[in-house]
Amino acid sequence: MLTELSGLLCSTQTQSKMSQDPSALREEGNNLFKSGDVEGAISCYTKALKVSKCDSESAVLYRNRSACYLKLEDYSQAEADATKALDTDQGDIKARFRRAQALHKLGRLDQAFLDAQKCAQLEPKNKAFQELLRQLSAQIQQKAVQLSSTDSRVQQMFKLLLDNSAQASDRQKAAQNLVVLSREDAGAEQIFRNDGVKLLQRLLESQQEDFVLSALRTLVGLCTGHQSRTMAIVNELGMDRLCGVMGSGTSTVSLSACHLFQVMFEALTEGMKKDIRGKDEAILPEPSRELRSMLRHLIDMLAAPNVSGSGRDSAINLLVKQVPRKSQKHPDNSLTLWVIDNGLKKILEVAGTVPEITDGPPLTDNTLMSCSVLLNKLYDDLKSDKERENFNTLCEEYVQHHFRGPGLESKLRAIQTVSVLLQGPSDVGNRTLEMSGVMDAVISLCASDNITHQQVAVETLIHAAGKAKRASFITANGVALLKDLYKKSENEQIRVRALVGLCKLGSAGGTDFSMKQFAEGSTLKLAKQCRKWLCNDSLPPNSRRWAIEGLAYLTFDADVKEDLVDDKNALQAMFQLAKSEDKTVLFAIGSTLVNCTNSYDVEKPDPQLVELAKYAKQHVPEEHPKDAQSFVEKRVVKLLEAGVVSALVCMVKQESPTLTETCRECIARVFLALVERQEDRGMVVAQGGGKALLPLVSESTDVGKIKAAQALAKITITSNPEIAFPGERVYEVVRPLASLLALDCSLLQNFEALMALTNLAGISDRLRQKIVKEKAVPKVEGYMFEENDLVRAAATECMCNLILSPEVQKLYLATDSDRLKLLVLYSGEDDERLRKAAAGTLAVLTGEMPEVCARIPTTTSHWLEILQALLLSESQDLRHRGVVITLNLMQAERSLAEKLMESEVLEILSVLAKAADTSQASVIRAAQRCLDLALEYGLIRSNDGEANGKSAP
């Protein structure tokens, strides 16, 4: 049996050579489709299409692949393939019917009706065609009634809004109802068709905030997922008007306008991919002109003096989200190059603004940090050295132009620009800092009598100390200056910044306990002062933010971590800032919490290499004693008790460029540390941690996505998923869990994902369908061959729950796969957990699909031996699984029952049926049912009756 299992494992690792004959590939695809392996069928049809040279043959392949996509509920692809088949043969009734089905599911009822009508005309007696035609007719009529009803409601609201004599409360209510209506497809269409855009334009020009907000939110409803309406609205309202609303209103209006722009961008860029352009998609032009117009206006807003600070922040936020590529795998970065050519100088103009002394556009506390994020995003999106050199040159020319300009104000603008660059694309910032005279000017201005000059210079010095090499230089040349400012300055804002500079230099050794820049105890004194300023409510939030910046550096030291988590007032002050309007503090808080929870990655060196390094008298990193796991767990508990979860939840909700992917990664790391202990997970879920993790699995760095997904897995394993993720949210958990089933994830992550998916698969058929749709089943099957016992057993347990899905059951009908054989062999393994899972899967499968039963004796010559071992097992769970499998086999075919009764199974069942232990009631009943069935078949006879065959013992 071990030889068979070994051969089976090896066979899965070899790939057979595929035929290059399209007919053979099509036939193989047909067989896979019939057996339930839809994805395998798609693969075969796709390969056949690549080698097919005959149009008629390609049309059949497209038609067949369309049927596969319908099965997978990928209706856009199903419609596209059916259309390609019809392009070759308009009389292909199967392809037309499949397109009608796809169009029906896509909501394009009129087009679906035309296809279904043609099918019914060609085959009037076909019941499937007639049924689809009936459904479409009813839905079209229902939609017409709904549109008529909606039309009257829209007209009534328009009348109220246009009536200046109506009461203000009635008009406001009408405006709010218009927002609600716009969120429905029928309502949005009626508003648009009834010339509603002009009415909304009047509301935007009303200068009344409630009406302006309602107009913006209604426009969001009109544009969401509809490219043609979006293009019409952009052209009718004009970008000047929309940008004017975003740039002149309050922060609330600005944020609403920003949301509208975001929806417009998504509709214009994603419309083609999602088939949601509207009925006129065939004649709709590409939206590139509208997209470039929107971007051009956003760039013009950056340096415009009449744009409010919140409006400028919104414009930067939109550029951050829309310009750089979403994935480095996408080859086209032309949009980024266009923005650099047309807008980099305007971005630098904002970056160089010192509000207190230079003429420039109005800024908020978040603007300069947002500029750093935008510059960094643009620089990271460049693909070649030539592109990066051009970026560097443009920045250097701008800095040099102002640094060489007349007057101190011009030099301050240059230094402020360098400071912003150092926080963003640091390589570019370092190059500008190394320009002749810049560093000397920074050092010189640190000693200026002018507070603003000092502030700009000290901040630049702090940002320049980012790397160990530069930190060493500043330690030698600038520490005395920073200490002097910290001790002697009478201005608290200068003192706190000087303190952060000292903190940053003092933490240059990172977590290495043996690499400290300052004397023993210095970092603790700095941290104590940071905590003192953090708790000082009389200081402005901007200065308190710098105190957290200092702690972000100092908490590399475990002694500082311990002091911070013991200071409840400091923790509360930090969490309050996390929930405040100041977005620039997010990364500092995230970094501080990562350090306190030790959720950063630490590569432990090989012990042999450590000994060699000591022998060679080279430096060996040392871990602080208080970074041991026992100390970390206590710190996590204290943070939870202080309310860290609610602070993290608020941080995730922030809409700001400063909530970068790196910042999100920090939050994901902290969440993972918080749910490490099973007893803490309930508290995290109760305070909204589960919900907060969901956006982190899609909007973070690659590492952050994995950390967030692993945190979700831990929660899903030990909590009721329907409570932790109520409503539709539970379905959003499946994809991140499936993403952990990858080779680049650790075995622990694989194991936890399998355990979590097992929990989800046991809840409902809809969740099982979601798991199938996310293509997790082949991955689960792959891990059933894993060498690690725990992972292999977890994968088999997951399959035990997935087997309840009809889609998964069909996979076991394929005669050319070893899926069934694997389950039988695993049912005879020594690992009890694996045996239970495999036998449980077999019990369900043989009960749901009797046709599988006849194939079990053909899987291995040891099948009967394995079944008898289950029946004789000391484990009641295994005995129950064994007797259920036996019953299913006997119910499926009389010949199988005969084989079983001719073996020792009869005697075993008789013993089990006579057991007196009431705790085995389920086993006793099933065993008795097997014997009763044998009596019915005439294979045995009772002691008091007559029948052919053996007597029941």
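Guide: In this predicted model, the protein exposes about 43500 Å², and carbon and sulfur atoms supply 49% of that area. Of its 953 residues, 54% are buried. The secondary structure consists of 55 helices and two strands. Taking contacts between residues at least 6 apart in sequence, 69% of them join residues at least 24 apart.

Now to the empty space. Rolling a probe the size of a water molecule over the atoms shows where empty space is left. A search of the whole structure turns up two cavities of 30 Å³ or more. The volume of the largest cavity is about 70 Å³.

What lines the largest cavity? Its lining consists of Val824, Ser827, Leu842, Ile856, Trp863, Ile866, Leu867, Leu870, Ile885 and Leu889. By class, nine of the lining residues are nonpolar, one is polar and none is charged. The most comes from α51, which gives four residues.

Is Ala892 buried, partly exposed or exposed? Its relative accessible area is 27%, so Ala892 counts as partly exposed. Leaving aside residues up to four places away in sequence, Ala892 touches Pro850 and Cys853. The C-alpha atoms of Ala892 and Val852 are separated by 8.8 Å, although these two residues are 40 apart along the chain.

The largest nonpolar core holds 182 residues, and Phe671, Leu674 and Met901 touch the most other members. Helix α36 (residues 661-674) provides the largest share of this core, eight residues. A second, separate core has 79 residues, among them Leu213, Ala304, Ala315 and Leu394.

A loop residue can be buried as well, and Val697 is a case. Val697 lies in the loop between α38 (689-696) and α39 (702-718). Its relative accessibility is 17%, and the limit for buried is under 20%, so Val697 counts as buried. Not counting residues up to four places away in sequence, Val697 touches Lys705, Ala708, Ala709, Leu712 and Pro736. Val697 and Glu665 are 32 residues apart along the chain, and 9.5 Å separates their C-alpha atoms.

Most residues other than glycine have a negative phi, and most peptide bonds are trans. Asp195 is not a glycine, yet its phi is positive, about 60°. Asp195 sits in the loop between α10 (185-193) and α11 (196-204), and at 41% relative accessibility Asp195 is partly exposed. The loop between α11 and α12 (209-223) contains Gln207. Gln207 also is not a glycine and has a positive phi, of about 70°. With a relative accessible area of 71%, over the 50% limit, Gln207 is therefore exposed.

To return to the part you asked about, the largest cavity has a volume of about 70 Å³, and its lining includes no charged residues.

How values were computed. Residues are numbered from 1 along each chain as its sequence is written. This is a predicted model: local features need pLDDT of at least 70, side-chain atom pairs count only at pLDDT 80 or more; totals for chains, interfaces and linings use all residues. Side-chain values use heavy atoms; hydrogens and water are left out. Buried means under 20% relative accessible area, exposed over 50%, partly exposed in between (1.4 Å probe, protein chains only). Contact means heavy atoms within 4.5 Å. Accessible areas come from the Shrake-Rupley method with a 1.4 Å probe; for residues, only the protein chains shown count as cover. On a 1 Å grid over the protein atoms alone, a cavity is a set of points where a 1.4 Å probe fits but cannot get out, and a pocket is an open set with protein on both sides within 12 Å along at least five of seven lines; lining residues have an atom within 4 Å of a point. Grid points are joined across faces, edges and corners, and a volume is the space filled by probe spheres set on the points. Ala, Val, Leu, Ile, Met, Phe, Trp, Tyr, Cys and Pro count as nonpolar, Asp, Glu, Lys and Arg as charged, and the others, Gly among them, as polar. A nonpolar core is a set of buried Ala, Val, Leu, Ile, Met, Phe, Trp, Tyr and Cys residues joined through side-chain atoms within 4.5 Å.
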